[in-house]
Amino acid sequence: MHISLGYGNGVIEADIDDARVDAVLRPNDITYPDSEAELIRNALKNPIGTGTIKETFGPGESVCIVTSDITRPCPSYKLLPPLLEELEQAGVRTEDILIVFALGAHRKHTPEEIEHLVGTDIANQYRCVDMESDDVVLVGTSSNGTPFEVFRPAAEASRRICLGNIEYHYFAGYSGGIKAIVPGVCSHRTIQANHTFMVDERAATGNLKDNPVRDDMEEMLGFLSVDMILNVVLAPDKTILHASAGDCIQAHRAGCAYLDGLYRFPLKRGADIVIVTPGGYPKDLNIYQAQKALDNATYAVRPGGVIIWTAACQEGYGSAVFEQWLDEANSPDDLIKRIRTKFQLGGHKAAAIAMTEKKADVYMISELEDTAMENMFVIPCTDIKTALKKAEARLGLDARIVVMPYGGSTLPAVDAD
């Protein structure tokens with residue numbers, strides 16, 4: 001079997017023995033829409049749990065639209081035109097609309113990146129700004145003690161609309177929904193307080209039931225309203241397959257259910273070897289983002305197995321704190337102990353990688369220096385063929401393989417029986 005996996009702006013390829021492959025986890029049968037724009041318009045005209053834009057928004061109101069940053073595949077340039085058209089028809093003026101990029105803990109954008117995200121016309125006609133983590137206002141405190149400090153312009157707007165794409169998230173369960181606000185436009189203090197709950201076993205990929213991270217995030221709605229969300233599910237080629245608009249929780253859950261139908265995969269057994277990639281740019285822009293695919297691979301590998309992780313990571317680690325934690329650790333155990341005693345944003349990614357390494361060895365192909373990979377306690381490899389040989393030397397030539405070409409979007413689930 002010849003496999004071609006997304007890697008940076010290109011691909012990485014290898015040949016593997018078909019007889020040893022238990023599964024290649026690609027999306028289930030996909031029905032592509034005739035028109036992405038019509039799919040979005042239909043969602044806006046048929047919202048779940050709220051009135052339409054014309055019924056909800058009106059003249060004189062200031063509207064803050066929160067959308068994803070450059071590290072996310074959310075196609076803001078496709079979502080915004082139908083949405084802005086609806087707002088215009090509702091009587092909302094262009095000058096009363098602010099588009100905010102939900103940076104969370106990520107870096108700011110260049111002007112060129114902003115134009116790429118929303119399109120030239122929208123970048124020229126509307127105010128488009130990055131969230132500023134030092135310009136926040138406290139809107140409330142959760143029952144767990146999380147202070148919800150929200151970017152002031154977003155908090156002070158008359159209305160808020162959140163855009164996003166829904167995919168699996170390694171401790172919030174799924175992306176999308178309230179995540180545009182928390183952590184998207186919240187202070188580092190808010191993010192750290194909320195993300196502390198990632199060490200709870202219920203804070204798991206694909207889990208929304210009693211997930212302490214997600215529950216804590218959604219408590220924010222009791223202090224600051226989100227008047228509408230517009231969330232989409234994407235195909236591997238980034239085509240919009242599903243759109244849901246409306247209530248921040250109800251519309252989000254509808255999108256999650258659709259995602260599960262495409263990307264949740266039952267497996268009869270854990271694989272000896274899992275070959276995984278985030279799927280290329282922008283999901284493997286840096287380790288901070290590429291880790292999500294590694295985490296999903298953890299659900300496919302057997303204890304003591306090997307994960308072959310391919311991620312270009314042109315921008316390196318992606319977080320100074322993440323790098324510092326790795327520099328200061330002598331073993332994966334150090335990172336796990338540290339996150340349990342004192343949570344720190346950035347360090348949580350290092351701890352998440354360490355948790356994977358407690359289950360399986362990780363061999364990595366990337367553009368990072370070998371020393372940078374070794375600093376994460378992974379084994380550097382030049383290509384998939386070399387990594388497979390190393391894995392086979394340890395596990396045997398009959399080792400069973402699972403391939404995950406879209407690791408950040410696919411969730412394996414080994415049958416408990």
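This is a predicted model: local features need pLDDT of at least 70, side-chain atom pairs count only at pLDDT 80 or more; totals for chains, interfaces and linings use all residues.
The largest one holds 78 residues, and I181, V274, I287, W309, M364 and M376 have the most contacts inside it. I then asked which element gives this core its largest share, and found helix α10 (residues 287–298), with six residues. Apart from that core I found another, of 34 residues, which includes A43, A90, I97 and I114. I jotted down a reminder for myself: nonpolar side chains tend to be buried together in soluble globular proteins.

Setting aside neighbours within four places in sequence, I listed V66, V150, C162, C186, M220 and V226 as its contacts.

**Entry: the whole chain**

I counted 15 helices and 20 strands in the protein chain. Its radius of gyration is 21 Å, close to the 22 Å that the globule rule gives for 417 residues, so the chain is as compact as a globular protein of that length. Along the principal axes, I read spans of about 70 × 50 × 45 Å for the C-alpha trace. Of the 417 residues, 59% are buried.

I looked at contact separation next. Among contacts with a separation of 6 or more, 75% join residues 24 or more positions apart. For the accessible surface I noted about 16,400 Å², with 46% of it belonging to carbon and sulfur atoms.

**Entry: helix α1**

Helix α1 covers residues 36–45, and I found I40, A43 and L44 buried there.

At the N-terminal end of α1 I found a cap, S35, with a side-chain oxygen 3.4 Å from the backbone nitrogen of A37.

**Entry: T410**

I finished in the loop between β19 (401–404) and β20 (411–414), where T410 lies. Is T410 buried or exposed? Its relative accessibility is 0%, so T410 counts as buried. I traced its side chain to the backbone oxygen of Y406, which it reaches at 3.0 Å. Not counting residues up to four places away in sequence, T410 touches L25, Y168, Y263, F265, N296 and M404.

Terms used
Residues are numbered from 1 along each chain as its sequence is written. Side-chain values use heavy atoms; hydrogens and water are left out. Helices (H or I, at least four residues) and strands (E, at least two) are DSSP runs, numbered from the N terminus. Buried means under 20% relative accessible area, exposed over 50%, partly exposed in between (1.4 Å probe, protein chains only). A polar contact is a pair of N or O atoms within 3.5 Å; within protein, one must be able to donate a hydrogen and the other to accept it, and residues adjacent in sequence count only if both atoms are side-chain atoms. Contact means heavy atoms within 4.5 Å. A nonpolar core is a set of buried Ala, Val, Leu, Ile, Met, Phe, Trp, Tyr and Cys residues joined through side-chain atoms within 4.5 Å. The radius of gyration is taken over C-alpha atoms; the globule rule is 2.2 Å times the number of residues to the power 0.38. Accessible areas come from the Shrake-Rupley method with a 1.4 Å probe; for residues, only the protein chains shown count as cover.
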